[in-house]
Amino acid sequence: MDDLSLQHTRKSKQHALMIFMLSLVTFLFAIYSMGTGSSSNLGFWSTLEIILGLKDGTDLQSAIIWELRFPRVLMAIVGGAALATAGALMQGALGNPLVSPLTMGVASGAALGAALAIVVGWTVVDNHDLTIVANAFLFSLIVVFIIIQLGKYRSISAESYILVGIAITFISGAIVSTLQYFATDAQLSALAHWSFGSLSRPTIENAVFVTMSLVLLMPTALKWSWDLNALSMGGDDFAISTGVDPVRTRKNILVLSALMTSIVIAFTGLIGFVGLAAPHMSRLFVGTDFRKLIPCSAVLGSMLMLFADTIGRTLFAPVVIPVGIMLSVIGGPFFLYLLLKRQGVKR
């Protein structure tokens with residue numbers, strides 16, 4: 001084996017170890033998050049022993065862990081992983097590092113569905129607990145349908161998808177603003193709370209549903225790693241020379257990304273920072289190879305979401321700051337620091 005092959009193998013092992021270590025840190029922080037809060041009945045070690053079955057917790061401890069904090073932590077992990085994966089896929093498919101799951105209009109479609117349920121009372125289901133979720137998911141799928149229709153045109157380009165996403169965002173935003181103008185104070189409060197993005201609403205059933213969806217969709221995302229590598233290395237012409245159909249690949253990846261995004265934000269509300277920042281941070285750790293970038297983005301997305309939610313519910317306890325706000329407050333400066341540090345290294 002030549003020096004280049006040895007160097008590649010060594011670097012791949014280092015990246016795999018990095019992803020494993022990040023996963024381990026995320027798991028340990030999940031245990032810490034489940035044992036941390038306004039209640040003084042739990043700690044890290046007691047929570048770990050109860051979860052592993054090494055100790056029988058009291059009824060209060062079991063209720064706090066399994067009924068209150070476990071659904072929240074599970075939703076943070078799978079939701080962050082799904083949004084980060086969707087962001088990495090979209091950035092690779094469109095060749096634009098500023099693209100995120102919210103850029104394609106999926107979030108604005110979900111916001112429109114939520115606004116119709118809250119302000120107008122128009123819903124697609126009669127179940128009161130699922131009215132906003134069902135509406136948000138339905139209108140997100142409408143955006144997915146638009147993406148599918150665009151993919152049928154052979155002349156469609158990566159820029160066209162972005163422009164259509166921006167157009168959908170403006171149209172949906174205008175309708176939502178009109179509904180807000182005629183809404184009552186209570187309706188405005190409900191819509192604003194939904195738009196903040198929160199992990200307090202999803203139940204354990206919702207979290208398990210999102211988990212199963214991610215488990216089913218993630219292998220498909222990893223399957224397109226080679227196609228994304230071809231697109232990112234030399235654009236459409238190079239991808240065609242390697243046997244990759246750029247138009248079909250781009251459409252399939254965008255549909256998958258939009259679907260993963262809609263499944264999460266239908267339950268949590270608008271959470272936008274993870275899908276943009278996690279792929280960028282992952283590139284600093286493992287480079288641009290999507291075979292490693294996708295799983296690393298998923299792990300970092302889980303870590304970001306979990307960290308922001310834990311800080312949000314403990315910093316001013318018992319007041320809970322929504323995770324969408326905390327992600328912007330904490331992640332924004334940190335993300336800027338990483339970018340400036342990388343630019344400094346290049347110089």
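**A walk through the side chains**

Modeller: Let me start with N206, which is buried, with a relative accessible area of 14%; buried means under 20% relative accessible area, exposed over 50%, and partly exposed in between, using a 1.4 Å probe and protein chains only. Please keep in mind that this is a predicted model, where local features need pLDDT of at least 70, side-chain atom pairs count only at pLDDT 80 or more, and totals for chains, interfaces and linings use all residues. Residues are numbered from 1 along each chain as its sequence is written, and side-chain values use heavy atoms, with hydrogens and water left out.

Colleague: Thanks! Leaving aside its neighbours within four places in sequence, which residues is N206 in contact with?

Modeller: N206 is found in helix α8; helices are DSSP runs of H or I with at least four residues, numbered from the N terminus. Contact means heavy atoms within 4.5 Å. With neighbours within four places in sequence set aside, the contacts of N206 are R201 and F267.

Colleague: How many aromatic pairs does a search of the whole structure find?

Modeller: Rings of Phe, Tyr and Trp (its six-membered ring) pair if their centres lie within 6.5 Å; planes under 30 degrees apart count as stacked, over 60 as edge-to-face and the rest as tilted. Searching the whole structure on that basis, the number of aromatic pairs is six.

Colleague: What kind of pair do Y181 and F182 make?

Modeller: Y181 counts as exposed at 69% relative accessibility, and F182 is exposed too, at 64%. Their ring centres are 5.2 Å apart and their planes meet at 85 degrees, so the pair is edge-to-face.

Colleague: And how many residues apart in sequence are the parts that F209 and F267 tie together?

Modeller: The rings of F209 and F267 have centres 6.0 Å apart and planes at 65 degrees, so this pair is edge-to-face. F209 lies in helix α8 (residues 204-223) and F267 in helix α10 (residues 246-268), so the distance in sequence between the parts they tie together is 58 residues.

Colleague: How many of the 23 residues of α10 are buried?

Modeller: F267 counts as buried, at 11% relative accessibility. Helix α10 is largely enclosed by the rest of the structure, because the number of buried residues among its 23 is 19.

Colleague: Which residue forms a salt bridge with R72?

Modeller: A salt bridge is a side-chain nitrogen of Lys or Arg within 4 Å of a carboxyl oxygen of Asp or Glu. R72 lies in helix α3 (residues 59-94) and its partner in helix α12 (residues 290-314), so the pair ties together parts that are 237 residues apart in sequence. Both members are buried. With the closest N and O atoms 2.8 Å apart, the partner of R72 is D309.

Colleague: Over the face of which residue does R291 lie?

Modeller: R291 also meets D289 in a salt bridge (2.5 Å, N to O). A charge sits over a ring if NZ of Lys or CZ of Arg is within 6 Å of the ring centre and within 35 degrees of the ring normal. At 4.5 Å from the ring centre, R291 lies over the face of W226.

Colleague: Last one: how far is D227 from the nearest side chain of opposite charge?

Modeller: D227 lies in helix α9 (residues 225-241). Lys and Arg count as positive and Asp and Glu as negative, while His and the chain ends are not counted. D227 is buried yet has no salt bridge, and the distance to the nearest side chain of opposite charge, K223, is 7.8 Å.

Definitions and conventions:
Helix = DSSP H or I, 4+ residues; strand = E, 2+ residues; numbered from the N terminus.
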